[in-house]
Amino acid sequence: MDSATSRASAPLGASADNGLKIVVVGGFGVGKTTLVRSVSEIRPLNTEETMTQAGADVDDLRGVHDKTTTTVAFDFGRITLDARNVLYLFGAPGQERFWFLWDRLFHGTLGAVVLVDTRRIDDSWYAIDRLEKHGTPFVVALNDFGGPDFAPAQIRDALDLDPHVPLLRCDARSRESAKEVLITLVEHVHALRTNHARPTQELV
């Protein structure tokens, strides 16, 4: 795995003038911080804190009992597309008590990635609902936790996904896999803006 911490911090060129904002959302512990960290060309800014017993009494830890840290504000990373275009990545906190931050993160967003753990599909409902209410384009990426291998049609039915929304598998730990998710999102947004959106072929 290509670690973000091993890549040199590349300063943003003076000619880069088109910053494109992408938000990574999803339930608690689905890999949002990991995805931002794996794909960012700079050392990511993150607000992870050690989980305490007090938080355990509030947060739903089903399926993530081994998790020891949690994001309490947001993660931030960056990818330079070319001399003039840069992607800014914001990873949203997953716990319900921090959801009030999401609407602000969605402001000015090009699009979003909804990360899903197939062991806890219901945790993705809120993210999809908020994005649809904001009119924010998004793709759904199934992060591989070794959970049930549902067919694409079953995932779409469970999440009530529009047929135009791309659905793909990913490994948030892999830079190449995370890049593929972001490329799919950018292509999806472009298709919507040029009125060429069609029911998507399954990418899972």
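Strands pair here if DSSP finds at least two bridges between them. The strands (E, at least two residues) and helices (H or I, at least four) are DSSP runs, numbered from the N terminus.

A couple of ground rules apply to the rest. Residues are numbered from 1 along each chain as its sequence is written, and side-chain values use heavy atoms, with hydrogens and water left out. As this is a predicted model, local features need pLDDT of at least 70 and side-chain atom pairs count only at pLDDT 80 or more, while totals for chains, interfaces and linings use all residues.

Now for the β4 end of the sheet. β4 and β5 (residues 85-91) pair in the antiparallel sense over six bridges, and the two form a hairpin with four residues between them. I79 has L87 of β5 as its bridge partner, and G77 stands opposite L89 in β5. I22 also stands opposite L89, and β1 and β5 pair in the parallel sense over seven bridges. Buried means under 20% relative accessible area, exposed over 50%, and partly exposed in between, with a 1.4 Å probe and protein chains only.

Contact is counted for heavy atoms within 4.5 Å.

In α4, the buried residues are A127, I128, R130 and L131. Seen down the axis of α4, these fall within an arc of 165 degrees, so they line one face of the helix. The arc is taken over the directions from the helix axis to the C-beta atoms. After α4 comes G135, with a positive phi near 70 degrees.

Helix α5 (residues 152-159) buries I155, R156 and L159. Down its axis, the buried residues of α5 fall within an arc of 100 degrees, so they too line one face of the helix. Their cover includes β6, α4, β7 and β8. The exposed residues A153 and D157 sit on the face of α5 turned away from its buried side. Just after α5, D160 takes a positive phi of about 55 degrees.

Stepping back to the whole chain, the protein has six helices and eight strands, in the sequence pattern β-α-β-α-β-β-β-α-β-α-β-α-β-α. Of its 204 residues, 47% are buried. Among contacts between residues at least 6 apart in sequence, 75% join residues at least 24 apart. The accessible surface comes to about 10,500 Å², with 51% of it belonging to carbon and sulfur atoms; areas come from the Shrake-Rupley method with a 1.4 Å probe.

Finally, a word on confidence. The mean pLDDT of the protein is 78, and 69% of its residues reach 70 or more, where pLDDT is the predictor's confidence in each residue, from 0 to 100. Over residues 51-59, pLDDT stays under 50, and the model has twelve contacts beyond four places in sequence for them. Residues 67-72 also stay under 50, with 27 such contacts beyond four places in sequence. Where pLDDT is low, the predicted coordinates should not be read in detail.
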